[in-house]
Amino acid sequence: MDVFIQTLVAGILIGGIYSLIGIGMTLIMGVMGIINLAHGQLMMVAMYITFVLHHAFEIDPYISLFVTMPSLFLLGVVLQKLFLNPLMKVESILPENQVLMTVGIGIVLTEIARFIFTSDYKTVETSYSSAAFFIGDISFNQPMCFAFIIAVVFTALLFWFLLKTLKAFVITILGGLGSTVGAIVGGLVLGIAESMGATYIGMGYKEMVGFVIFVLVLVFLPGGLKRLTKV
């Protein structure tokens, strides 16, 4: 039973981070009607910025958020103005071409990162990387807890922002193509599933579990978790 609870805790912690990632992609899809398939590559850029700041200037990864967030905002603005806006202004261009553009952007970002940093795994080691605290026999990894708390705070701020802006914006997000609640549920489900798969099937099958869930959702629930959440 302890193994199950420990695995569930690990899944919830990583699932909270997945939820925040999903909300970001959902906002883009809900507001602009574009499925940004470069979302993961943009996150990769943020991670490499964090890596460089830590190894070059010994800046703590959490402190580097104050650099990575505005940097990614500016990068997003540039990509939007240079590549996506021209496509959105031409009525004859099919919406699929906007999606293909994000695929191309993602490929370019990936190859640039591969050229600069090679394909080797990179990591950031801090004094608290392996630190943990215990509640009973269940351990809680401190960095993951910090990341989970940050994800919860940003999610709360996002919902506050949505509730305080224009009603049309809220309607677009909640009732349009994207669902913020669905993104949260999806992130938690994926995190718990991967954690359970790694514990009870094998670490090598962790990514496969997420892929299987993705395929099952496409087959049996084409509308995604949006239908389940009724948002």
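What follows is a chat about a predicted model of a single chain.

User: How much of the chain counts as buried?
Analyst: Of its 231 residues, 29% count as buried.

User: And what share of the contacts with a separation of 6 or more comes from residues 24 or more positions apart?
Analyst: Those account for 66% of them.

User: Let's look at helix packing. At what angle do H2 and H3 cross?
Analyst: Roughly 140 degrees, with the axes of H2 (residues 39-57) and H3 (residues 65-89) coming within 10 Å.

User: So what do we call that, oblique or roughly antiparallel?
Analyst: Oblique, because roughly antiparallel would take an angle over 145 degrees. As for handedness, H2 passes H3 in a right-handed crossing.

User: Which residues make the contact?
Analyst: From H2 you've got Leu42, Val45, Ala46, Ile49, Thr50 and Leu53, and from H3 there's Val67, Thr68, Ser71, Leu72, Leu75 and Leu79.

User: How do those residues divide into nonpolar, polar and charged?
Analyst: There are 9 nonpolar and 3 polar residues in the contact of H2 with H3, and no charged ones.

User: Switching to rings. How many aromatic pairs are there?
Analyst: The count comes to 6 aromatic pairs. One of them is tyrosine 62 with phenylalanine 146: the ring centres are 6.0 Å apart and the planes sit at 85 degrees, so that pair is edge-to-face.

User: Where do tyrosine 62 and phenylalanine 146 sit in the chain?
Analyst: In distant parts of it, 84 residues apart. Tyrosine 62 is in the loop between H2 and H3, while phenylalanine 146 belongs to helix H5 (residues 142-164).

User: Is tyrosine 62 buried or partly exposed?
Analyst: Partly exposed, at 24% relative accessibility; the cut-off for buried is under 20%. Phenylalanine 146 also counts as partly exposed, at 37%.

User: What about phenylalanine 133 and phenylalanine 140, stacked or edge-to-face?
Analyst: Stacked, because their planes are at 5 degrees, with the ring centres 5.3 Å apart. Phenylalanine 133 is partly exposed at 36% relative accessibility, whereas phenylalanine 140 is buried, with a relative accessible area of 16%.

User: Which residues form an aromatic cluster?
Analyst: Tyr48, Phe51 and Phe117 form one.

User: New topic: threonine 102. Where is it found?
Analyst: Threonine 102 is in helix H4 (residues 95-117). At 1% relative accessibility, threonine 102 counts as buried.

User: A buried threonine, then. What is it in contact with, leaving aside neighbours within four places in sequence?
Analyst: Threonine 102 touches Ile34, Ile35, Asn36, Leu37, Ala38 and Leu84. For leucine 84, which is 18 residues away along the chain, the C-alpha atoms are separated by 8.2 Å.

User: Isoleucine 34 is on that list. Where does isoleucine 34 lie?
Analyst: In the loop between helix H1 (2-32) and H2.

User: Is isoleucine 34 buried or exposed?
Analyst: Buried, at 1% relative accessibility.

User: How far apart are isoleucine 34 and valine 99?
Analyst: In sequence, 65 residues; in space, isoleucine 34 and valine 99 are 6.4 Å apart, C-alpha to C-alpha.

Definitions and conventions. Residues are numbered from 1 along each chain as its sequence is written. This is a predicted model: local features need pLDDT of at least 70, side-chain atom pairs count only at pLDDT 80 or more; totals for chains, interfaces and linings use all residues. Side-chain values use heavy atoms; hydrogens and water are left out. Axes are lines fitted to C-alpha atoms, for helices over the stretch in contact, and angles run from 0 to 180 degrees between N-to-C directions. Helices (H or I, at least four residues) and strands (E, at least two) are DSSP runs, numbered from the N terminus. Angles under 35 degrees count as roughly parallel, over 145 as roughly antiparallel, 65 to 115 as roughly perpendicular and the rest as oblique. A crossing is left-handed if the near helix is turned anticlockwise from the far one by less than a right angle, and right-handed if clockwise. Contact means heavy atoms within 4.5 Å. Ala, Val, Leu, Ile, Met, Phe, Trp, Tyr, Cys and Pro count as nonpolar, Asp, Glu, Lys and Arg as charged, and the others, Gly among them, as polar. Rings of Phe, Tyr and Trp (its six-membered ring) pair if their centres lie within 6.5 Å; planes under 30 degrees apart count as stacked, over 60 as edge-to-face and the rest as tilted. Buried means under 20% relative accessible area, exposed over 50%, partly exposed in between (1.4 Å probe, protein chains only).
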